[in-house]
Amino acid sequence: DDVISPLIPVVGGTTTVPLVDGTQVIYANLDYAASAPALEAVAARVTEVLPLYASVHRGAGYLSQVSTALYESSRQSIARFVGAREDDVAIITRNTTDSLNLLAGVVPAGGRVLVLDVEHHANLLPWVHSRPGQGHSATILPIARTVAETLQALADELARQPYALVTVTGASNVTGESLPLDRVIEIAHAEGARVAVDGAQLVPHRGFSLAESGADYVAFSGHKTYAPFGAGALVGRRDWLDAGTPYLAGGGAVRDVRTDRTVWQPAPARHEAGSPNVIGAIALAEACEQLAALPAGALHAHEQALRDRLVTGLSGIQGVEVARIWPDSDEPVGVVTFTVPDHDPGLVAAYLAAEHGIGVRDGRFCAHPLLAHLGATGGAIRASVGVGTTSEAVDRLVTALSAYLSAGARSTYEIVDGCWAV
Ligand code: PMP
């Protein structure tokens with residue numbers, strides 16, 4: 001923990017929240033998989049660059065020149081953070097959902113896309129519901145019982161018919177698990193298919209390199225990578241991105257416009273029409289630089305210890321079941337989903353927040369097919385960790401949950417407009 005201690009989230013540490021009895025308690029943030037708090041260094045960087053705020057790319061003024069340089073160097077930091085190759089292009093998007101929808105729009109006409117039903121809706125729906133003008137079609141492969149069987153099913157399907165793209169999660173937002181990416185990439189490439197990685201849960205926690213892995217695309221979100229909301233990225237092979245239909249039509253994406261024809265820019269400008277989120281990109285780049293400066297494996301070790309502690313604690317509580325997709329998957333990232341049979345997950349989560357100041361998430365986590373596969377159509381509870389998570393927060397969750405169950409189901413909470421109320 002000493003190694004990662006220079007990274008300080010702005011929320012956490014001393015942030016207090018009110019309990020239902022009116023007292024204040026230090027917030028136990030166990031919801032990093034939804035959004036991670038910005039780092040102090042990121043907040044400082046935003047404060048530093050805010051006075052330089054000016055339009056990018058088209059302004060001749062000094063501040064426009066500075067903002068343009070900062071925006072473009074942010075693109076480079078973001079690309080470097082995910083190990084972009086020389087020919088790769090980094091497009092600044094709003095988030096992972098935006099990135100994957102963008103990619104769905106540039107798959108060459110007629111291309112087939114293979115996706116597993118473990119995916120977050122962001123890596124499922126853009127492939128299944130193609131928009132007018134998009135030429136791809138998608139096959140959804142059902143989850144098999146083991147990783148080995150799932151890889152075999154993937155290989156069989158790829159051998160059965162040609163695919164343009166296999167798109168796969170780097171780490172599940174429900175269980176933290178993943179297929180071994182090196183094997184997926186090897187199998188897909190052997191059959192001539194490219195591989196896109198939904199890096200939303202992988203990139204901020206384990207790091208990821210396009211060059212080292214050989215993957216073709218990666219998508220991730222700033223707000224899960226210790227930067228504020230509003231910026232994300234799609235990084236990968238240039239050819240589809242240069243040739244594909246521009247994601248948005250408008251200023252900045254074009255080279256020349258006449259009333260009867262439009263000449264589009266190549267990527268990245270081609271897909272970044274409109275005034276970009278300059279501050280968001282700078283913030284995300286700063287978060288990437290901060291994470292990249294950590295010694296290799298330090299964050300992974302910190303999160304792994306917390307995850308192990310959480311799983312051991314939860315497994316010791318009668319009735320609590322920790323969800324796993326595959327018994328033979330590699331070490332998951334720091335995301336743990338569990339069910340408490342016969343208890344409404346929303347009410348358990350409300351109790352944890354209202355009486356113990358613990359922030360977890362409940363529901364179906366935008367992964368309805370996976371939750372159905374796990375037998376949790378009524379939802380589950382998810383705890384997730386990151387920079388700034390303490391073992392005290394993990395222990396508080398385990399103790400609170402034990403107390404809840406030993407005291408029997410409480411009916412003093414209800415959910416009103418998505419929030420708990422007594
Ligand atoms: N993929 C995964 C694995 C995720 O966890 C999430 C966010 N929960 C997304 C995609 C979508 O990210 P965003 O909401 O930032 O677009």
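Predicted model: local features only at pLDDT ≥ 70, side-chain atom pairs only at ≥ 80, totals over all residues.

Guide: Residues are numbered from 1 along each chain as its sequence is written.

Visitor: How many residues of domain 1 are in contact with domain 2?

Guide: The chain is divided into domain 1 (16-30 + 296-421) and domain 2 (43-292), with bounds from an automatic or database domain assignment. Their centres, taken over C-alpha atoms, are 30 Å apart. Two residues are in contact if their C-beta atoms, placed from the backbone, lie within 7 Å. On that criterion, 25 residues of domain 2 meet a set from domain 1 that numbers 26.

Visitor: On the side of domain 1 that touches domain 2, how many residues are nonpolar?

Guide: Ala, Val, Leu, Ile, Met, Phe, Trp, Tyr, Cys and Pro count as nonpolar, Asp, Glu, Lys and Arg as charged, and the others, Gly among them, as polar. This side of domain 1 has five charged and six polar residues, and its nonpolar residues number 15.

Visitor: Which residues does the face of helix 2 turned away from its buried side carry as exposed?

Guide: Helices (H or I, at least four residues) and strands (E, at least two) are DSSP runs, numbered from the N terminus. A residue is buried if 20 or more other C-beta atoms lie within 10 Å of its own, exposed if 12 or fewer, and partly exposed in between, with C-beta atoms placed from the backbone. In helix 2, Ser67, Tyr71, Ser74, Arg75, Ile78, Ala79 and Phe81 are buried. The opposite face carries the exposed Tyr62, Ala69 and Gln76.

Visitor: Is Ala367 buried or exposed?

Guide: Ala367 is found in the loop between strand 16 (361-363) and helix 13. Not counting residues up to four places away in sequence, Ala367 touches Glu119, His120, His121, Asn173 and Val174. Because Ala367 has 25 C-beta neighbours inside 10 Å, this residue counts as buried.

Visitor: Which residues are the closest to the ligand?

Guide: A residue is near a molecule if its C-beta atom, placed from the backbone, lies within 6 Å of it. The shell around the ligand divides into nine polar, four nonpolar and one charged. Of the 14 residues that surround the ligand, the closest are Asn95, Thr97, Asn173, Ala200 and Ser221.
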